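Good morning, and thank you for making time for this item. I would like to take you through one structure, chain by chain.

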Amino acid sequence: MDTQEQLSVINGIGRPFAERVKEEKNALFVADRINTLQINVSRLCNLSCRHCHVQAGPDRKEIMPIDILKKCLETAALPEIEVIDITGGAPEMNPYLEWFISAAAKLKKRLMVRSNLVILADERYSRFMDVYQSGRVEIVTSLPAYEHEKSDKQRGKGTFGKTVEIIKELNKRGYGLEGTGLILDIVHNPVGAYMPAQQDVIEHEYRKKLKEGHGIFFSSLFTITNMPIGRYLDFLLSSGNFEDYMSELIKSFNKSAVDSAMCRFMVSIGWDGTIYDCDFNQMLGLRVDHGTPDNIRNFDIKKLNGRIITTANHCYGCTAGSGSSCQGATAENA
Amino acid sequence: MADYYEKKDLEDFANIGEYAKDQGEKFFQYYGSSTSQGNLSEREKSLIALAVATTQNCPYCIDAYTNKCLSIGLTSDEMMEAVHVGAAMMAGVTLAHSTQMRKIIKKKEL
């Protein structure tokens with residue numbers, strides 16, 4: 001389904017998100033102070049996860065070129081930017097990632113990479129464990145369930161075992177262990193058409209099950225609500241769950257999650273340098289709007305701070321229940 | 001019959017205090033504190049609620065607590081085990097009541 005079709009489907013249910021925010025908050029939905037630069041360096045991926053909003057996979061061609069990466073590095077050096085968040089696809093499949101990590105690490109900011117870890121079991125990419133460790137890069141990985149079958153259902157056969165194997169190796173290096181400063185976070189998102197539970201409840205179970213069952217450890221767990229876009233939208237529609245799922249998101253609207261929505265504090269950069277309010281908007285082709293410069297080549301933090309955020313009804317996914325972001329829950333449950 | 005059990009009616013549960021507000025508010029307070037974490041975890045309580053929902057044939061509760069259990073990360077096997085506890089209890093309750101029947105039989109028969 002192309003982006004226009006997706007937008008037409010998600011906007012066909014419920015009141016427009018921006019209207020709801022305006023009514024609840026008596027204000028436009030605007031960004032606050034940007035402190036995070038999220039960079040999508042590759043839509044190419046070794047996996048084709050069934051929930052992937054990027055619709056990443058081995059057939060994708062979009063890779064951020066070196067000139068755009070250099071502009072990202074310049075931007076990341078701005079004093080206002082505190083967090084550099086690298087995502088994909090599989091970021092490791094960008095041939096310039098190693099260079100970028102080494103250069104970005106010198107900025108001495110919080111540097112994180114979203115890796116599926118399965119790719120590190122491939123000897124062509126296993127060196128990235130050294131690269132991440134030497135740059136003290138925070139690693140965020142997806143592990144939708146602590147049961148082998150359930151996790152593989154979403155990410156593909158054999159992925160759970162490989163992820164566990166790599167986490168063991170990372171644990172040996174000190175990742176995910178208290179006191180080392182080497183952060184390894186896990187992302188949980190539901191394997192189906194339902195909302196995630198409260199983050200602390202799930203985190204407790206993950207710690208117990210992964211320690212007892214596999215002897216592995218992690219720093220924190222983030223719960224992320226699946227966004228009704230990309231492959232997950234295909235699943236919702238083909239399984240007859242779309243209307244119920246959207247109604248659940250809309251019904252669970254939590255106005256306190258609006259204030260803490262991640263798009264208020266970040267921008268997302270696409271492979272070609274286009275600026276978006278978040279990675280989800282990026283996959284829907286919704287670039288920053290309302291007269292804000294929309295390419296990394298003319299990045300202007302003053303104009304981006306306080307910009308009106310571009311929304312569609314998938315945004316209800318970030319304000320439902322405890323809220324959802326790339327850093328997990330954002331609010332107390334309503 | 002279809003009119004009695006519409007999926008969207010589950011959303012109306014929040015409005016059951018529309019009349020007799022005082023009792024409605026007290027019920028929700030009680031419901032909230034009974035189903036949230038106490039000495040028993042939220043997971044344990046959700047499984048109990050699921051078992052009760054199935055034994056009482058309540059489609060709304062079955063819908064709500066199946067989703068809750070999935071969200072919490074309970075497995076299909078764990079959920080089905082809880083349903084079996086409910087089923088076994090129902091069978092046991094039925095059979096235990098046969099004591100009354102057997103007592104009457106023994107009293108009446110020559």
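Predicted model: local features only at pLDDT ≥ 70, side-chain atom pairs only at ≥ 80, totals over all residues.

Let me start with chain A. Its secondary structure amounts to 14 helices and 8 strands. Taken along the principal axes, the C-alpha atoms of chain A fill a box of roughly 50 × 40 × 40 Å.

As for the interior, 59% of the 334 residues of chain A are buried. The contacts tell us about the span in sequence: of those in chain A between residues at least 6 apart, 73% join residues at least 24 apart. The accessible surface of chain A is about 13,500 Å², and carbon and sulfur atoms account for 50% of it. On charge, chain A carries 40 positive and 42 negative side chains, with the centres of the two sets 3 Å apart.

Now to chain B. Here we find 5 helices and 0 strands, so that, read from the N terminus, the order of elements in chain B is α-α-α-α-α. How does its radius of gyration stand against the globule rule? The rule gives 13 Å for 110 residues, whereas chain B has 19 Å, well over that value, and therefore chain B is more spread out than a compact globule. Its C-alpha trace spans about 60 × 35 × 35 Å along the principal axes.

In chain B, buried residues make up 22% of the 110 residues. Among its contacts with a separation of 6 or more, 50% are between residues 24 or more positions apart. Chain B exposes about 8,200 Å², with 62% supplied by carbon and sulfur atoms. It has 12 positive and 15 negative side chains, and the centres of these two sets lie 14 Å apart.

Let me turn to the interface. The size of an interface is often given as the accessible area lost when the parts come together. Between chain B and chain A, the buried area is about 1,000 Å², and carbon and sulfur atoms give 52% of that. Which residues of chain B lose the most area to chain A? They are Arg43(B), Leu70(B) and Ser71(B), which together provide 42% of what that side buries. Counted by residues, 12 of chain B are in contact with 15 of chain A.

Finally, I would draw your attention to helix 4 of chain A, residues 97-105. Its buried residues are Leu97(A), Phe100(A), Ile101(A), Ala103(A), Ala104(A) and Ala105(A). These pack against strand 1 (36-42), helix 3 (66-76), strand 2 (83-88), strand 3 (110-114) and helix 5 (128-134) of chain A.

Trp99(A) also sits in helix 4. Leaving aside residues up to four places away in sequence, Trp99(A) touches Ile66(A), Leu69(A), Lys70(A) and Leu73(A). The C-alpha atoms of Trp99(A) and Val131(A), which are 32 residues apart along the chain, are separated by 9.6 Å.

That concludes the presentation.

Notes:
Residues numbered from 1 in each chain as written. Chains lettered and ligands numbered in written order. Heavy atoms only, no water. Helix = DSSP H or I, 4+ residues; strand = E, 2+ residues; numbered from the N terminus. Buried < 20%, exposed > 50% of the residue type's maximum accessible area, 1.4 Å probe, protein only. Contact = heavy atoms within 4.5 Å. Areas by Shrake-Rupley, 256 points an atom, 1.4 Å probe, with all protein chains shown as cover. Lys, Arg positive; Asp, Glu negative; His and termini not counted. Charge placed at Lys NZ, Arg CZ, Asp CG, Glu CD. Buried area = accessible area lost by both parts, 1.4 Å probe. Rg over C-alpha atoms; globule rule 2.2 N^0.38 Å.
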